[in-house]
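Open the model in your viewer and get ready to select residues. We will go stop by stop.

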Amino acid sequence: MSSPEDIVMGEEREEGSQPQEPFTLEENIQQLNAIDKSTVQLMSHTATALGALTTPASSDDSNPSASVESAAQKEAFRQATDTFLSTLHSIDVRMKRQILALEEAGIVNLSSGPRQGHNPGIKPSLKPNGVGAIGNLDVGWLNSRGTKVERDMELELWKRARELLEKDGKNIKKE
């Protein structure tokens with residue numbers, strides 16, 4: 001499914017034409033609404049495909065129309081699955097567009113490295129990205145290089161071992 005804003009591959013833009021303006025907030029909301037409606041259509045296409053796979057309640061082997069119904073069921077299933085797949089592809093493309101728009105607006109950052117293209121001079125942010133990285137530093141990697149936790153755990157284990165030995169030593173002396 002194409003939208004009016006789609007550019008057909010192979011079409012040349014006019015010399016000196018302005019680059020495509022980013023979508024407005026209203027246009028993005030309309031596109032998300034259309035994606036939502038297409039998702040509902042997916043369920044309808046699934047129901048149609050499953051309905052085509054069910055066998056009629058009264059099926060006689062002697063009935064010559066059963067083979068005609070079978071061919072019609074196969075065709076209905078094929079059409080429903082084709083429509084399902086094209087709708088799913090359309091949703092996938094439009095969702096990717098929305099994600100790219102969110103990235104361009106600086107709302108989300110899903111790339112592990114700087115994105116090449118629009119602004120190659122972007123500096124890494126010092127805000128956490130939600131997966132343990134701050135800027136170019138991975139906090140998990142830094143924490144795994146420290147030995148403080150290991151030393152504290154070892155000290156705790158030695159204290160427990162000493163307490164157990166002292167407790168056992170007192171029990172041995174009493175006997």
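The tour starts with the whole chain and then moves to single residues.

**Stop 1: the whole chain**

Show the protein chain as a cartoon. Remember that this is a predicted model. How many helices and strands does the secondary structure come to? There are four helices and two strands. Walk along the sequence and the pattern reads α-α-β-β-α-α.

The accessible surface of the protein chain is about 15,200 Å². Carbon and sulfur atoms account for 59% of that area. The chain has 175 residues, and 9% of them count as buried. Take the contacts between residues at least 6 apart in sequence: 49% of these join residues at least 24 apart.

**Stop 2: colour by confidence**

Colour the chain by pLDDT, the predictor's confidence in each residue. The average is 75. A score of at least 70 is reached by 61% of the residues.

Select helix α1, residues 25–53. Among the elements of the chain, helix α1 has the highest mean pLDDT, 89. Next select strand β1, residues 133–134. Strand β1 has the lowest mean among the elements, 64.

Then go to residues 7–13. Here pLDDT stays under 50. The model has four contacts for this stretch beyond four places in sequence.

**Stop 3**

Select helix α2, residues 65–104. Side chains of opposite charge can pair when their charged atoms come close.

Which residue forms a salt bridge with E75? It is R78, and the closest N and O atoms are 2.6 Å apart. R78 and E75 both sit in helix α2, three residues apart, about one turn of the helix.

Stay on R78 and look towards D82. These two also form a salt bridge, with closest N and O atoms 2.7 Å apart. D82 and R78 are four residues apart in helix α2, so about one helical turn separates them.

- R78 has 40%, so R78 counts as partly exposed.
- E75 has 33%, so E75 counts as partly exposed.
- D82 has 38%, so D82 counts as partly exposed.

**Stop 4: a pair in helix α4**

Jump to helix α4, residues 148–174. Select K148 and D152. Their side chains meet in a salt bridge, 2.9 Å from N to O. The two are four residues apart in helix α4, so about one helical turn lies between them.

Compare the accessibility of the two partners. K148 has 53% and counts as exposed, because the cut-off for exposed is over 50%. D152 has 40% and counts as partly exposed.

**Stop 5: a buried threonine**

Return to helix α2 and select T87. Is T87 buried or exposed? T87 has 3% relative accessibility, so T87 counts as buried; the cut-off for buried is under 20%.

Which residues is T87 in contact with, leaving aside neighbours within four places in sequence? Select S38, Q41, L42 and H45 to see them.

How values were computed
Residues are numbered from 1 along each chain as its sequence is written. This is a predicted model: local features need pLDDT of at least 70, side-chain atom pairs count only at pLDDT 80 or more; totals for chains, interfaces and linings use all residues. Side-chain values use heavy atoms; hydrogens and water are left out. Buried means under 20% relative accessible area, exposed over 50%, partly exposed in between (1.4 Å probe, protein chains only). Contact means heavy atoms within 4.5 Å. Accessible areas come from the Shrake-Rupley method with a 1.4 Å probe; for residues, only the protein chains shown count as cover. A salt bridge is a side-chain nitrogen of Lys or Arg within 4 Å of a carboxyl oxygen of Asp or Glu. pLDDT is the predictor's confidence in each residue, from 0 to 100.
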